[in-house]
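Below are some comments on backbone geometry and core packing, for use alongside the coordinates.

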Amino acid sequence: VYKRQLLHRASRASSSGSSAVNAAPAAPGPPGPPGPEPGTPKEVVVHFSTSYSGIGMAEVSVRNLQKAFQTHGLKLSVSCYSQTEKDPACRLVLPAAEHVFDDLMNRVSDTTLAKLTKLQTKFINRAKTQAEKKKMSAEDKNLAGRQFLLEADCLLASSLEDFRLNPCCLRCSKPCAFAPPRVSGSEIWVECAGNTCTPWSKRGKMAGWLDPQSLPCLVWAYSLRSLGQSAPDVIVNECVSGFPASDFFATAFPGSACWSLIFSPADLGIPAHRPRRYTVIMPNRHSPLFGKVELHKELMEDVAFRRLQLPGSVFLQAPPEMVKRFMDELAEAKQLPPRPPGKVYSCTSVMPSSSRVRMLGYKEALVASGITDMDYNVDISQTRMYGGTMQVLPTVLKNSNIFNLASDRLYLPEELLSAQGIPFFLAKDDDLCDASVCEALQTLPQKEMRTVTGNSMSVCQVGTVLACVFTAAFS
C-alpha cells in the first residue's frame, strides 16, 4: 500500500478536492520511485486509542500493519493507550491497553448530559406530534434530526469545560486520562471508533439523531473536541452507509479536514458483503498530519481494491470434530441425543423448523430461476422479503444464521469471525495468526460470539484505512 500510494500521488498533477468535506486535500507528493523517499522517517510513533472498542478488531489490524511496514524497513511503533467499551463480554477479550474505560457517557457531567437528553426528548416529542398530523417522510425525519444536531452543537460547544478528561479507569481503579500525553511533536495520536449504527440502519428505527442511542456518539465527538490543541491527529470512524458522517464531523469539528468513503470487503477481493462508511477526520490544525491523509475512491481503486475471485464458501474451514460438536449442540437444543463418534447429524435435521422452512424457500427460488450450482449463502434469520441469496457471505449481523446451500450447513461462529478478519483456522505458526485473540474469543458462549461478531468491524476494512493513515505519517 505504501509503495502504490507514492506512485498514485506522483501520478496526480492535482486534486479536485471534491471528496473533502470541509478542507482541501494535501497536494500530491513529488514524483519519485516507489518506496521510502529520501528523508522519510524510519520510525513513526503512534499512540492508539479506540472507543466503542468491541472485541478489538482495530487493535488486531494495527498488529498486522506493524508487521507489514516492517517488511519495508519502516518501523511502526504503536502503543495501545486506551479503550472504551461498555459491554463486559467484549472487554474480557479485548487486547490489552494501558487504560480501559467502560462508558462514553462518563466523559460528560451529569448536568450537561441531562440537558442534552432533555433537548433530544423535546425534538422526539415534536416529531411524534407532527407524525400524528401527517406521515413524516424520510426527508422530514432527517431535517428534524439535523435541527436537533445544530442545537446540540450549541449546547455541547458551550459546555466543553464540563467534559471529564479523567474518567475512572477499570484497569487502574482510579481516574485516568482517556487522551494520551503528548511527549514530542514527532508522536501522533490516532483514535478509532465505530459508533452505534442502529439509528441509521435499515434494520433499526431509522430515527437518526432522534434515537437515544445516538447520544453516546455526540458525547464521544465533543469529548475529543474539548481537548482543543491536544485533540487527536487523526480520527477514523466506521458506521453504516446511512450515517451522515460528512455533516456531523463538519459540525462537531469546524475547520477540520475530512474524507468519507463507503466500501465493502468484497471491494478488497474478500468474499464478504459488508458495506460500511469509513471516515477519516483530521480535527487538529496544529498536527503535522493535518490535511495529509486521503481516503477516496480513486486512491482505493489504485492501492487496495482487488477483483473478487472466490465465493463465500471459502470460509467453511472448521475441522470435522468442531462441526460435529456444533451439530450436537443444535441437536441438544431439540432434545436429541448426540451422535456416536464418526457419525454427524445433518444440519437440516437439527436446525429449528422455522429456519429450515426459510432455507428451503431460498433454495426453491434458486432452482426456479434455473440455477443448478447451489454454492450460495443465505441468512435464514431473515425472510426472503429482507434477505437474499449471495455467492459471497451476506452481511454478518448479531442475530445472523448464515447457511451455505451447497454444503448444506450453517457457518460456525468461528467461521463468521474468520470472514471478519480473525483467522481462526490458520496454522499456529502463521504470521497472521494471533492465538491469544482466538483463544479469548473461544471462551465466549456461542450466542455471545455471534453477537460480538455481528457488531464488530472488519479487520481488513479498518486495517486498509489505517494503512492509509500510517502511510501519510511516513510520507
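1. The model is predicted, and the points below should be read with that in mind.

2. Tyr 52 has a positive phi, about 50°, although it is not a glycine. The residue sits in the loop that links strand 1 (43–51) to helix 2 (57–70). With a relative accessible area of 17%, Tyr 52 is buried, because the cut-off for that class is under 20%.

3. Asp 408 is another non-glycine residue with a positive phi, in this case near 60°. Its place is the loop between strand 11 (402–404) and strand 12 (409–410). The relative accessible area of Asp 408 is 28%, so the residue counts as partly exposed.

4. As background to both points, most residues other than glycine have a negative phi.

5. The largest nonpolar core contains 70 residues, and within it Ile 422 and Phe 470 touch the most other members. Helix 15 (residues 459–474) supplies the largest share of this core, with eleven residues.

6. Which residues does Ile 422 touch, leaving aside those up to four places away in sequence? The list is Met 57, Val 60, Leu 417, Val 437, Cys 438, Leu 441 and Val 459. Of these partners, Met 57 and Val 60 fall within the range of helix 2 (57–70), and Val 459 falls within that of helix 15 (459–474).

7. In soluble globular proteins, nonpolar side chains tend to be buried together.

Note on methods: Residues are numbered from 1 along each chain as its sequence is written. This is a predicted model: local features need pLDDT of at least 70, side-chain atom pairs count only at pLDDT 80 or more; totals for chains, interfaces and linings use all residues. Side-chain values use heavy atoms; hydrogens and water are left out. Helices (H or I, at least four residues) and strands (E, at least two) are DSSP runs, numbered from the N terminus. Buried means under 20% relative accessible area, exposed over 50%, partly exposed in between (1.4 Å probe, protein chains only). A nonpolar core is a set of buried Ala, Val, Leu, Ile, Met, Phe, Trp, Tyr and Cys residues joined through side-chain atoms within 4.5 Å. Contact means heavy atoms within 4.5 Å.
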